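Subject: Structure handover

Hello,

Here is the structure for you to look through. My notes on it follow below.

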Amino acid sequence: MSYPMKWDLDSLFKGGSQSEELAAFLQETDTLFQTWLDRPETDVIISELTHAVDMLFGRINEMFSFVSCLIAQDVNDNQALLLEEKLQVQRVKFESLRLRLAARLRELEDDAFATLLTEEALKPFAFSLSELRQHAKDEMDPAREHLAASLAKDGYHAWQSVYNEAVGRMEIPFEEDGETKILSAGQLSNRLDSPNTAVRERASLAYQKAWSKEAPLFAQTLNRLAGFRLSLYEARGWDDVLKEPHALNRMQEKTLQTMWETITKNKSRFYRYMDEKAKLLGVEKLSFRDVHAPLPVENKEQSDIPYDDACDLIIRHFRKFSPKMADFAEMALRDGWIEAENRAGKRPGGFCTTFLLSGESRIFMTYDGSMANVATLAHELGHAYHSWCLKNKPVQLAKEYPMSIAEMASTFAEIIVADALLAETEDEATKKMLVENHLSRSLSFFMNIHARFLFEMRFYEERKNGMVSQERLNEMMVAAQKEAYGDQLSEYDPYFWASKLHFHITMRPFYNFPYTFGYLFSLGVYAQALKSGASFEDQYIALLEDSGSMTMEDLAMKHLGVDLTTPQFWQEALDVVLADVDKFLAL
């Protein structure tokens, strides 16, 4: 079957950034906001305000998801950037309404709040309201929080916009096939994963030169958004930069600490695999870019997987685990939910964004035929299926799950495909390639992500004392990478802080550790799936349905019967990967 490589956005709002439908929807949303904001507080009961916040949350999400797709597919779409600015204004209005509801909840005594949640109209909102009330207790008074949200539009979120626009303008010369090509940052990023060592080396040189040129600007964006964040935390009386990330991910501090401690204790057991991979790549010691490079193959056909074949492969292997998941993937791939075309002008990276009101998702990536790209496509389809399982929830807020559990669903989808491919192949070389691909992605979660976490923790500590120079950012990045990789690499990437979008995302501070959490959590879910067989399909859907209305610890206890604050779960998950190390060394 043939699948489109460009997504269909017209089915959501026809006309792209010039969409009249979007303009009308935006105007209608603005009117709704004003109607609610103009109403005297004494005239509004809490249940009415709750439903208004929920309804407007869905509308804001729908527009932001659409505009994020427009900007990703064409970073030079100036009209889309103007739309993003208008939506930031609406985000401030939404925050005002949310703060109004939070203030009303905070004023209630515990008994009165408990009674409120027994109201029939509010029972579906119990978790969301409890969470909002706790956040309100931790924050400043509503007037100052409103002021902070207003200032954030141009004093905080704008720095991410500056970063995105600058990355989108990057045009990087790269010699390939006897000619100099002009690549986008995303296209060059794919060259860094080439199985050809010479291509990786040329791409790495071009990469370092390009990002070093832009580093002075990106040092500003990183410092300024961090400065805003720290000032806000200080005003709230917070002295822990992880307080907000913990809350957003609905995770206890002890859970995160236990996870990293268990990983660190096991890292040395991966070093022999890294040494063996270096030999197979023909280098004495892996460099930062070699860690995630695929193994060399004998011919192009083994490494170049056509997009249609990749889609069929994913659907087929999803079906072995879950017919419902496979049917969903086939629909999404067939109906134009994926933007995969390899062309200039796109932003780098990949993502899945959900349209809460439409019940649909859109997946963005740049497909180049590699096995890593197949894994990325499966990963993003896992995200999309997660949202699909929540689409019939009556409460929009309950469809918004934390990043930590989002990354469980995506990596779980990856594991299904990877294990199925391994089980069906008889060729030893292919088996070795597949096991190694899984291990290299594991190292991303255990070492690359850990380096990001260590860097951010130390950067924020230094940023409290003033601006951190570009040179110092480079030093801190290399030091974090050396620690995270056990100083096992020949070269490191000093500009990773500049090239990685995640450091510059303002809506999600510490956009790193949830990936590792989600990966290890997915291994636990997968182990349960293997034990349960066909009956696990519905168990998995039940877990996803609860993901927007439970803490991570409660979710794990209810659906897996495990305690995330103790090392046992994390060690058992790591043991699954360590078994792959032994399997790889044997191959």
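A polar contact is a pair of N or O atoms within 3.5 Å; within protein, one must be able to donate a hydrogen and the other to accept it, and residues adjacent in sequence count only if both atoms are side-chain atoms. The model is predicted, so local features need pLDDT of at least 70 and side-chain atom pairs count only at pLDDT 80 or more, while totals for chains, interfaces and linings use all residues. Residues are numbered from 1 along each chain as its sequence is written, and side-chain values use heavy atoms, with hydrogens and water left out.

Arg343

The side chains of Arg343 and Glu339 are joined by a polar contact of 2.8 Å. A polar contact of 3.0 Å also runs from the side chain of Arg343 to that of Glu341. Arg343 is found in the loop between strand 3 (338-339) and strand 4 (351-355). Strands (E, at least two residues) and helices (H or I, at least four) are DSSP runs, numbered from the N terminus. Neighbours within four places in sequence aside, Arg343 is in contact (heavy atoms within 4.5 Å) with Lys6, Gln73 and Gln187.

Thr565

Thr565 is in the loop between helix 23 (552-560) and helix 24. Its relative accessible area is 13%, and Thr565 is therefore buried. Buried means under 20% relative accessible area, exposed over 50%, and partly exposed in between, with a 1.4 Å probe and protein chains only. The side chains of Thr565 and Asp563 make a polar contact of 2.7 Å. Not counting residues up to four places away in sequence, Thr565 touches Gln252, Lys254, Thr255, Thr258 and Glu553.

Aromatic rings

Searching the whole structure gives 40 aromatic pairs. Rings of Phe, Tyr and Trp (its six-membered ring) pair if their centres lie within 6.5 Å; planes under 30 degrees apart count as stacked, over 60 as edge-to-face and the rest as tilted. Tyr273 and Phe584 have ring centres 5.3 Å apart and planes at 80°, so this pair is edge-to-face. The pair links distant parts of the chain, with Tyr273 in helix 12 (residues 271-281) and Phe584 in helix 24 (residues 567-586), 311 residues apart. Tyr273 and Phe584 are both buried.

Phe328 and Tyr385 form a tilted pair, at 5.6 Å centre to centre and 50° between the planes. This pair also links distant parts of the chain: Phe328 is in helix 15 (residues 323-334) and Tyr385 in helix 16 (residues 371-390), 57 residues apart. Phe328 has a relative accessible area of 3%, so Phe328 is buried. Tyr385 is at 3% relative accessibility and therefore counts as buried.

Ring pairs also link a cluster, whose members include Trp260, Phe288, Phe453 and Tyr485.

Arg59 lies over the face of Phe25, 4.0 Å from the ring centre. The charged end of Arg91 is over the ring of Phe64, 3.9 Å from its centre.

Cavities

How many cavities of 30 Å³ or more does the structure hold? There are six. On a 1 Å grid over the protein atoms alone, a cavity is a set of points where a 1.4 Å probe fits but cannot get out, and lining residues have an atom within 4 Å of a point. Grid points are joined across faces, edges and corners, and a volume is the space filled by probe spheres set on the points. The largest cavity holds about 190 Å³ of space. Among its 16 lining residues, the closest to the centre are Ala375, Glu414, Ala418, Asn437 and Arg441. Helix 17 gives the most to this lining, with six residues.

Regards

How values were computed
Lys NZ or Arg CZ within 6 Å of the ring centre and 35° of its normal. 1 Å grid on protein atoms, 1.4 Å probe; cavity = no way out; pocket = protein on both sides within 12 Å on 5 of 7 lines; lining within 4 Å.
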